[in-house]
Protein chains: 2
Amino acid sequence: MALLIVGSVALDSIRTPHGEVKRALGGSATYAGIAASFFTCPHIVGVVGEDFPQEYIDLMKDKNCDLAGLKIIAKGKTFHWEGYYEENMSQAHTVSTCLNVFEFFQPDLPHHYRKSDFVFLANIDPELQLHVLEQVKKPKLVMCDTMNYWIESKREKLMEVFRRSDVVLVNEGEARLLTDSWSLIHAAEKLLDTGPSYVIIKKGEHGAFIMSRDDYFSLPAYPIKKIKDPTGAGDTFAGGFIGYLASQKRLTRANFRRAMAVGTVLASFVCEDFSVRGTISLTNSALNKRLREFYNHVRLSAVEL
Amino acid sequence: MALLIVGSVALDSIRTPHGEVKRALGGSATYAGIAASFFTCPHIVGVVGEDFPQEYIDLMKDKNCDLAGLKIIAKGKTFHWEGYYEENMSQAHTVSTCLNVFEFFQPDLPHHYRKSDFVFLANIDPELQLHVLEQVKKPKLVMCDTMNYWIESKREKLMEVFRRSDVVLVNEGEARLLTDSWSLIHAAEKLLDTGPSYVIIKKGEHGAFIMSRDDYFSLPAYPIKKIKDPTGAGDTFAGGFIGYLASQKRLTRANFRRAMAVGTVLASFVCEDFSVRGTISLTNSALNKRLREFYNHVRLSAVEL
């Protein structure tokens, strides 16, 4: 079924202890779209400037992304993020954020996008997230992400997005900031009270869990030996998760759990190289192989005293 | 099969945001012993002073602990730890540590302890851990714990303990300190190089994983809503883990994984109340119920593209 992804398409300049890249392909919609493309042809909505390399557009198109919703602003400059990671890869340090054309992003959906059954609202202004929801006709599943900036500056609008979402996806820090709770279990329960049916809390190297009113499921991260660049891991997880669900006939509990595993494993690939290289170059058979390995990492037999 | 546990038996005075206790029953051997007692009759080796309440001794004996190896020093005072936790329960703050009779602890094994098949060397001076190993005849499985103090002050002796252990059990901070590695996966690999067949890294609220040269298995923590007092969670995990293994006919991979689950679930009970109340009062049926719930929290169906 059709999947809509709205978010940033960006150029990232990143330095980590394992190397660096300049103006590499980045952005939440990019990472999520490429991850989702293993399962469906995602409809991308974003904005870039005239400086955005044609090569990157070709790359995404080759990966089966529908770019009808990617606006290219004449004479505009693309959103550019510059940052670095130290030995402890769990924290990104920002050097500069140039929003450029992204500052005036207006996510208007091409006509054929409006019937998307699955919607991923990546981290953008909650008012824009709501603007997207107004254009989509009866989606089956809406998932939203956000960041500390919107939690602090537009909380009311964000709560409206949460109320209208089926899945709220946040990281540890955002969960604590939103709920003022140290316990992530307690935080997830409080987030469920804001309206969604599912809350996913991403914990980086410690994996992720999903909670609904009557279920809880937790997965570790896939144990990669060398994290080269963790940028985009969360968005890759999200794209893999919702892309997998969009490819399934039914939204069963087992499929939600499989979707968590797919997102987790795709995120592991993206961390093994800079930018989107880890997922762009990934084959179905390599993905399947790691999914099987991962399944083995968590397989537990029933235990009874 | 017989299980030997060597460590501290102590009095703890603890304050958390949910209450406080004074001179409550504590110590690594106590927590581990009570957890292991669900599966076997653990042989405890430790030392206390004359001030150690008879009530605590009765409590452990009622729980099926063999206390033949618990020395009571006339006119001596029991090891007393005083500490507190703030809202973020992952870090204990020490107010005072009075080693008292524990400072001169000499773990000499009663004769019938020497044939123990399973040995848990809880966190004590590595020289004493080696002294214990010298007294035990051909154990089937030796597991050791340690702490930052010994890592920094007696590294060489500790490495000898690791070489002679089958399972090395450490927490996140200790793993990083031992290996100078941010990545816990990398840290576990480096620890395997020191000699043991298995390395377990405990991650508190994020669960634990076990790594061998050809396998990796990871579990989340059981999601408890209110952590009242996390003291002893790691030792309870250890006791449940090795106690379960000691009760099994064979040391299969599936049994190691089940042992991880048993340790994890027992640790969740101990966090729900102060001191050892959470495990002392626990029934087999309540433990089984939570084991089934936990099994459901991690159950994943195979996924193939």
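## Basis of the description

Two residues are taken to be in contact if their C-beta atoms, placed from the backbone, lie within 7 Å. By that criterion, among the contacts in chain A between residues at least 6 apart in sequence, 65% join residues at least 24 apart.

The model is a predicted one, in which local features need pLDDT of at least 70 and side-chain atom pairs count only at pLDDT 80 or more, while totals for chains, interfaces and linings use all residues. Residues are numbered from 1 along each chain as its sequence is written, and chains are lettered from A, with ligands numbered from 1, in the order in which they are written.

## Fold of chain A

Chain A has eleven helices and 13 strands, where helices (H or I, at least four residues) and strands (E, at least two) are DSSP runs numbered from the N terminus. The radius of gyration of chain A, taken over C-alpha atoms, is 18 Å, close to the 19 Å that the globule rule gives for 305 residues, so chain A is as compact as a globular protein of that length; the rule itself is 2.2 Å times the number of residues to the power 0.38.

Along its principal axes the C-alpha trace of chain A spans about 70 × 40 × 40 Å. Buried residues make up 52% of the 305 residues in chain A; a residue is buried if 20 or more other C-beta atoms lie within 10 Å of its own, exposed if 12 or fewer, and partly exposed in between.

In helix α5 of chain A (residues 155-163), the buried residues are Leu158(A), Val161(A) and Phe162(A). They cover an arc of only 100° around the axis, which puts them on the same side of α5(A), the arc being that of the directions from the helix axis to the C-beta atoms. On the other side of α5(A), Glu156(A) and Arg163(A) are exposed.

The buried residues of α5(A) pack against several elements of chain A, including β8 (118-121), α3 (126-135) and β10 (167-171).

## Contact between the chains

The contact takes 38 residues from chain A and 37 residues from chain B. On the side of chain A that touches chain B, α11(A) gives the largest share, seven residues.

Chain A can be laid on chain B with an RMSD of 0.0 Å by a turn of 180° and a shift of 0.0 Å along the axis, with copies superposed by least squares on the C-alpha atoms of residues with pLDDT of at least 70 in both. That is the relation of a two-fold axis. Of the residues of chain A, His206(A) comes closest to the rotation axis, at 3.1 Å (C-alpha).
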